[in-house]
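Please examine the sequence and structure shown below. The briefing that follows takes up selected local features, grouped by topic.

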Amino acid sequence: MSRAAPATWRSLMFVPATGDKFVARAHTRGADVIILDLEDSIPPAEKQAARDALPKASATVGQAGAEVAVRINRPLDIAVPDIAAAIMPAVGTLILPKVMGPEHIRLLSEAVAAREAAQGMRIGHTRFVAVVETPDALPQLSAIASADPRVVALGVGAEDLSTELEAVPGADLLYHFGMMVVAAARAARIQPMGSVGPFADFSDLEAYRASLRRSRALGFACQACIHPAQVAIINEEYGPSPAEVERARRLIAAFDAALAEGKGAVAFEGQMIDLPVVERARRVLARVK
């Protein structure tokens with residue numbers, strides 16, 4: 001199986017698969033990815049109803065062109081029927097919570113491949129976002145990031161991890177583990193997902209914006225959220241601004257002109273630029289949709 005197409009997401013928004021009013025409006029929120037949740041937002045007695053809702057919900061949330069994802073449950077006896085229900089052409093990605101290690105990823109990939117084959121789909125159609133939420137899995141972040149060609153993003157679940165560590169989620173705690181995610185994901189050439197700020201708190205959106213701005217500067221590429229008010233802020237802070245795009249274009253043009261004259265570095269708007277700086281500018285342009 002070849003490596004899945006890389007993700008270039010900014011925002012991923014959760015909606016409960018059985019939350020009809022949320023599902024109906026999800027496509028208007030501007031998120032790059034809509035995640036239909038089968039896990040935390042669905043009570044145990046409603047799991048099958050949520051699975052049954054996926055075909056209709058997928059069509060609804062994807063109608064404006066957003067990627068459709070499904071978050072499955074971690075316990076295998078629940079994950080297998082989740083996969084059976086979620087694998088379909090309309091769903092491009094599975095969110096894998098509480099990932100235990102690389103073998104866990106490969107086991108789920110095998111189950112997904114069998115379901116893709118049964119559906120007559122291309123093997124490898126379904127991409128993975130791996131989320132680590134337990135201390136046991138933290139030392140395996142790099143192995144998880146490169147465990148399977150389906151994996152296109154990696155993150156830590158701030159709330160669950162904080163609970164496991166008996167700690168309060170916040171920048172002090174999340175900085176260390178967040179930078180581990182950034183390093184592991186970038187080494188595997190996948191997207192680091194998350195931030196070093198609060199995930200569930202949307203009471204102070206300016207503080208939320210500030211934490212995202214810091215997180216983007218630290219290397220994070222995309223972020224999941226639970227409230228529609230967070231989506232536009234994520235898109236603005238994690239997507240390149242028009243000014244960034246225009247500057248990147250000018251910088252690359254200046255460097256190309258210098259190369260044509262046989263120079264390896266050139267002064268540009270008050271700084272010396274060379275290949276690493278140009279590569280960052282090219283990555284800015286690569287993120288423009």
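Glutamate 269 is partly exposed, at 48% relative accessibility; buried means under 20% relative accessible area, exposed over 50%, and partly exposed in between, with a 1.4 Å probe and protein chains only. This is a predicted model, in which local features need pLDDT of at least 70, side-chain atom pairs count only at pLDDT 80 or more, and totals for chains, interfaces and linings use all residues. Residues are numbered from 1 along each chain as its sequence is written, and side-chain values use heavy atoms, leaving out hydrogens and water.

**Positive phi values**
- Most residues other than glycine have a negative phi.
- Glutamate 269 has a positive phi near 50° and lies in the loop between strand 9 (266–268) and strand 10 (271–273); helices (H or I, at least four residues) and strands (E, at least two) are DSSP runs, numbered from the N terminus.
- Glutamate 166 also is not a glycine, and its phi is positive, at about 55°.
- Glutamate 166 follows helix 6, in the loop between helix 6 and helix 7, and is exposed, with a relative accessible area of 77%.

**Helix 6**
- The buried residues of helix 6 (residues 158–165) are Ala158, Leu161 and Ser162.
- Those residues fall within an arc of 100° seen down the helix axis, so they line one face of helix 6; the arc is that of the directions from the axis to the C-beta atoms.

**Threonine 93**
- Threonine 93 belongs to strand 4 (residues 93–96) and is buried, with a relative accessible area of 0%.
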